[in-house]
Amino acid sequence: MDPHALQSADILRTFVVFLVVAAIVWIAVVVVLAAGLLRRPSPSQHALALDPPFENRAGQVVLGLGIATIIIVLALSVVSYAGQRSVFAKDPNALTLKITGHQWWWEVLYEADSPHLSFVTANEIRIPIEQPVRVQLESADVIHSFWVPSLTGKMDLITGQQNEIQFTAKTAGIYRGQCAEFCGLQHAHMAFSVIALPQDEFRRWREHENQSAGSPVDPLAKQGEDLFRARGCALCHTVRGTLAGGQLGPDLTHIGSRTTIAAGTLPLNSATLGAWLADPQHIKPGNLMPQMPLQSDELIAIHHYLEQLK
Amino acid sequence: MTLVTQHKELRDDVLDGLQLSTRLDRIWRTPSGLIGALTSVDHKVIGRRYILTAFVFLFLGGALALLMRVQLAGAEKHVLSADLYNQVFTMHGSTMMFLFAVPVMEAFAVYLVPLMVGTRNIAFPRLNAFSYWMFLFGGCFLWISFIFNVGPDVGWFAYVPLSNLQFTPSKRADVWAQMITFTEVAALAVAVEIVVTVFKLRAPGMTLDRIPIFVWSMLVTSFLVMFAMPSIMIASTSLILDRLVNTHFFDPAAGGHVLLWQHLFWFFGHPEVYIIFLPATGMASMILATFARRPVIGYPVIVLSLIATGFLSFGLWVHHMFVTGLPQLGAALFTANSMLIAVPSGLQIFCWLATLWDGRPVYRTPLLFVLGFIVVFVIGGLSGVMVASVPIDTQVHDTYFVVAHFHYVLIGGAVFPLIGAVYYWFPKISGRMLSERLGRWNFWLAFVGFNVAFFPMHFLGLMGMPRRVYTYIPDMGWDRLNLLSSCGAALFAVSFILLIANVVVSARRGALAGDNPWDASTLEWATTSPPPSYNFDRIPAVDHRDPLWSDTESIRVVAGLSAERREVLLTSLAEADPQVREASPEPSIWPLLTALATTVFFIGSIFTPWAVLWGTPPMAVALIGWFWPTGSREDEE
Amino acid sequence: MKQQIVQNVGELPTYGFGPRSGPWWGAMSFMALEGMGFAIAVGAYLYLYAVNPTWPIGASPPDLWPGSVETTLYLLSIIPNQYTNRVARRHNLRKVRVCLIIMSLIGIVLLVLRGFEFAHLNTRWDNSAYGSVVWLILSLHTTHLATDLGDTIVLTVLMFTSHAKPRRFSDVTDNVFYWNFVVLAWLPLYILLDWVPRL
Ligand code: HEA
Ligand code: HEA
Ligand code: CUA
Ligand SMILES: [Cu+2]
């Protein structure tokens with residue numbers, strides 16, 4: 001737990017309170033146990049030769065400790081509830097994102113009042129710091145769970161239900177997130193990153209991201225664009241501003257500017273992108289993108305095309 | 001109204017000594033040979049089998065755990081594929097929970113409860129035999145499926161929609177659901193037997209406040225079984241119906257709801273963990289009294305704690321669902337409720353501490369395991385209190401922190417007392433002592449190995465490692481702690497190998513135990529080790545909570561039961577006054593045949609719904625065969 | 001260890017009725033856990049009812065007559081059932097035989113009616129979650145009905161054979177007891193299945 005948001009800091013505070021209480025209780029139990037074992041009462045009397053006043057006192061001590069336990073847990077419940085209130089506090093002016101979980105990647109929709117200002121991206125979420133962010137969570141298939149430990153606790157993405165979570169990042173940085181609910185074969189490789197940016201930088205990014213992909217200028221990229229459609233990639237992937245409008249896989253409009261590939265499985269660079277295109281099943285066995293039958297020159301063209309989609 | 005027997009039959013009041021015991025043995029003995037083995041209804045024979053089988057499943061599940069630990073020992077290892085890993089952790093969890101932890105507790109109860117309450121056999125001995133066969137067949141079914149690569153791979157709680165047909169089109173989830181049905185039938189049967197044994201078969205004079213604590217714990221546990229397991233039966237049936245005949249319980253597109261599954265599962269799943277834990281606390285109380293050389297302080301407190309835990313455990317299930325987006329205030333109530341369970345658990349611990357404080361502890365292996373249990377379980381209980389807090393749980397839910405929590409409570413809270421129980425009751429069951437030297441090694445290796453294996457998991461969880469991942473990337477900094485944990489697991493495994501060695505060697509060469517090697521106080525030690533087929537040649541009569549301590553010279557008994565046929569004494573519920581001499585069933589092959597017919601029915605129904613039609617008649621025939629009077633005398637009064 | 005005989009239980013009866021008998025407690029326990037099963041199923045129904053804006057989903061409520069006729073018959077069957085109890089406790093073999101035949105016939109009629117009830121549910125198990133849960137609950141109860149009927153028939157046959165020994169009367173009373181449970185379990189289910197969708 002390395003908090004960089006209001007919520008994660010709140011949680012850490014609650015946790016520390018609990019940890020301290022737990023440590024004290026455990027130490028007390030072990031000390032009493034040890035002391036009891038080291039104590040040597042009168043040797044070998046009969047097992048049933050009990051001393052009634054002692055039995056009475058022992059019973060009272062036990063009950064007293066029981067009452068103490070009740071008080072402690074009720075106090076802890078209050079601490080917990082206070083933490084819960086602040087962690088789940090809602091701010092109506094929050095920036096709203098909508099995230100849809102897929103086996104095994106994340107679809108991210110930035111909603112805006114006018115439709116042409118909202119756009120979709122995948123596996124990478126950029127947010128402004130010092131501003132509450134509301135994330136609406138849905139699932140396209142099975143249950144997933146949205147979790148960025150440095151920002152806040154997790155919340156499930158449940159089929160047929162909409163959940164919501166809010167957080168406010170305090171420091172700029174890249175925070176790793178990960179699916180936390182077992183969702184099948186590649187649950188282990190369903191990560192994402194949250195990039196928290198200063199507000200103006202975020203605004204610039206948002207404007208840029210909202211744009212469609214321009215027409216490629218160099219011929220190799222142009223060829224790649226055509227092949228992207230001809231070889232079937234467009235059945236599953238969208239590249240805004242082109243004819244590619246598939247919905248089954250991540251939006252690739254600005255894939256070239258992302259930091260990871262295949263839901264955080266690998267850092268994105270020329271080599272990993274090439275390897276992914278050549279055989280996605282090798283990198284992430286069982287993922288839902290089939291290995292595409294591409295000639296090596298076709299692969300080079302598509303590779304080049306994707307890289308320049310910044 | 002009541003009919004006095006006309007025929008002048010031989011009773012145990014006119015016989016004595018060897019004459020009596022040979023006669024009793026002739027009527028109660030399990031016939032020898034294969035047929036005898038298959039038809040036996042002796043609770044000791046079945047209990048022994050049950051215990052042994054459950055331990056085999058522990059070792060199988062443990063072997064899978066070791067596989068997982070090898071895979072996770074470093075980042076991006078390729079020992080197991082993603083697909084195999086998912087099967088392995090599901091098999092591990094399901095085997096441990098459904099085929100080891102719950103059955104092993106019931107198994108000990110099947111063996112011990114009739115002896116502890118001073119009767120000759122468990123209530124409904126044939127049901128008991130049936131229960132064992134169902135358990136065995138269900139377990140084999142699961143493991144054979146696994147060997148043929150149709151082992152379940154959706155986790156031990158098989159959340160929908162992942163376990164729906166759409167996302168698990170293979171038979172894997174069906175195997176899981178049907179294995180549940182097998183084990184639940186088995187567990188429910190034992191629960192009913194235990195309840196009736198405790199209610200009606202107690203030795204005369206064993207009033208409610210003289211019942212040994214382990215028996216109390218099993219009584220409460222049996223009620224938990226009876227009220228929790230129907231929920232999972234309905235759930236697994238609904239799941240399998242969704243998968244096989246296209247119902248829509250969990251299909252949001254047709255009005256179903258995926259959280260319904262989670263509610264049903266955890267309404268069972270939470271009491272389930274106390275079904276495992278409460279008997280273990282009962283064992284701990286028994287062992288503690290014997291080796292602290294005095295009765296446990298606070299008998300009524302402990303009994304009330306057991307009952308309170310039982311009640312509370314039905315009001316906590318939502319704490320497994322804190323991140324599913326339920327209403328906040330409701331969730332907070334479940335937080336408070338979950339933490340309240342610390343009170344009865346704590347009271348038990350305090351009673352034990354007080355007992356040790358006043359006692360004169362004799363440090364034999366069983367006591368060592370109980371002391372280890374206290375130290376370790378409290379850690380697990382306290383981490384339970386942490387995860388019961390909603391804000392904390394949103395961070396640590398589904399991480400290795402929770403994995404650490406539940407292994408601390410399951411192993412620390414249940415397996416440790418259980419191994420202690422093995423050392424404690426092995427002399428009774430086998431007639432021979434386990435080696436004390438090996439026992440100490442066993443304990444210390446287990447204690448150190450366990451903590452090294454599972455303590456680091458707390459940190460891993462806090463560092464963000466989710467559970468159920470077959471691998472992780474190197475940059476997370478999780479490798480070292482994982483490696484440490486894997487080493488601890490290896491050490492822990494060695495301790496189990498010592499246990500096996502100890503049992504195997506001592507069963508043949510251990511020192512002879514005698515009736516009561518530990519000078520314990522409860523009735524199971526009043527008979528020989530191992531006990532004769534009829535348990536007691538005369539039914540003991542109890543006038544004290546610790547009968548063998550209150551009178552060390554003689555034992556009070558009642559006479560007048562038949563020496564010609566199987567007969568047990570029924571007593572009244574509260575005061576245990578003798579009421580009826582009831583016949584107890586003879587060995588029978590029908591329970592096995594019924595279990596076989598049921599197995600065909602259950603497994604067949606995975607493949608075709610028609611199995612429900614053609615599978616029913618054989619079951620009905622077997623059941624009629626089971627209950628049809630054989631014409632032997634005890635049926636014909 | 002020396003034994004000290006403190007009591008002779010030789011004069012006690014070899015079977016008892018009600019809470020004095022082991023099987024009675026067995027039946028009691030099974031009823032408790034089966035009752036829990038019904039409660040859970042009802043809970044599932046109400047849960048689905050609560051989360052769905054329309055109920056019943058895509059179907060009209062079940063036709064009332066089969067369920068209502070059944071309910072009436074169930075309630076009436078208590079009379080011969082209790083009578084069976086009485087004559088069994090009095091060890092009146094002739095009357096027990098007659099009663100058991102009557103109870104078997106009632107069971108058969110109810111089973112047939114149950115067939116009609118399924119046919120008039122106005123939904124199938126695979127139509128919607130509503131259909132699924134209705135079929136589940138009705139099937140669950142039908143299993144109990146069928147089991148008890150089977151048990152009654154076997155007992156009836158037994159009472160006509162040489163096995164009709166005094167202790168069998170205790171079995172008959174346990175069967176009576178179980179039938180009451182089947183009836184009692186039905187009443188809330190009737191309201192749930194036939195009336196709740198009409199709310
Ligand atoms: C033997 C089994 C066992 C036992 C006894 C417990 C005991 C407890 N458990 Fe645990 N639990 C499991 C087995 C068990 N659990 C399992 C298997 C899971 C995971 C399932 C899965 O997801 O796969 C789980 C998961 C689990 C969760 C869900 C976590 C998550 O998935 O996010 C929670 C949350 O509340 C929880 C809470 C508790 C609590 C409050 C107790 C309490 O009963 C503990 C009470 C005991 C003590 C507190 C210690 C003794 C008391 C004192 C010394 C007195 C003083 C104490 C205080 C003042 C606090 N458990
Ligand atoms: C009583 C229950 C119980 C017990 C005893 C254990 C025992 C162990 N568990 Fe288990 N565990 C669970 C119940 C239990 N577990 C549950 C319910 C889950 C959740 C599953 C899920 O998520 O669905 C889980 C999950 C779980 C995980 C998380 C997996 C994941 O999320 O990816 C891990 C990881 O390390 C683990 C490890 C271990 C280890 C090392 C042991 C060790 O203590 C095991 C020690 C025992 C042995 C080593 C046996 C001795 C072996 C031999 C003598 C070998 C010879 C025998 C043969 C070859 C037949 N367990
Ligand atoms: Cu998605 Cu795990
Ligand atoms: Cu729980």
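A nonpolar patch here means nonpolar side chains joined within 5 Å, from residues with over 30% relative accessible area and no salt bridge. With that in hand, here's a quick tour of this predicted model. Two spots get the attention: a nonpolar surface patch of about 880 Å² on chain C, and the site around ligand 1, which is shared between chains because residues from chains A and B surround the ligand.

**The patch on chain C**
- The patch is made by C:Trp65, C:Val69, C:Ile101, C:Leu105, C:Ile108, C:Val112, C:Phe116, C:Ile153, C:Val157 and C:Phe160.
- H3(C) gives the largest share, with five residues.
- Take C:Val157, which sits in helix H4 of chain C: its relative accessible area is 43%, so it counts as partly exposed.

**Around ligand 1**
- The shell holds 34 residues, and the nearest are B:Trp156, B:Tyr274, B:Asp393, B:His397 and B:His405.
- By type, the shell splits into 22 nonpolar, ten polar and two charged residues.

**Polar contacts and the elements behind the shell**
- A side-chain N or O atom of B:His397 is 2.6 Å from an oxygen atom of ligand 1.
- B:Trp156 puts a polar side-chain atom 2.8 Å from a ligand 1 oxygen atom.
- With B:Ala388 it's a backbone N or O atom, 3.4 Å from an oxygen atom of ligand 1.
- Elements giving two or more residues to the shell are H1 (6-38) and H2 (52-87) of chain A, plus H8 (258-292), H11 (342-358), H12 (365-387) and H14 (400-430) of chain B.
- H12(B) supplies the largest share of that shell, six residues.

Note on methods
Residues numbered from 1 in each chain as written. Chains lettered and ligands numbered in written order. Predicted model: local features only at pLDDT ≥ 70, side-chain atom pairs only at ≥ 80, totals over all residues. Heavy atoms only, no water. Patch = residues over 30% accessible without salt bridge, like charges linked within 9 Å, V, L, I, M, F, W, Y side chains within 5 Å. Areas by Shrake-Rupley, 256 points an atom, 1.4 Å probe, with all protein chains shown as cover. Salt bridge = Lys/Arg side-chain N within 4 Å of Asp/Glu carboxyl O. Helix = DSSP H or I, 4+ residues; strand = E, 2+ residues; numbered from the N terminus. Buried < 20%, exposed > 50% of the residue type's maximum accessible area, 1.4 Å probe, protein only. Near = heavy atom within 4 Å. Polar contact = N/O pair within 3.5 Å; in protein donor to acceptor, adjacent residues only side chain to side chain. Nonpolar A, V, L, I, M, F, W, Y, C, P; charged D, E, K, R; others polar.
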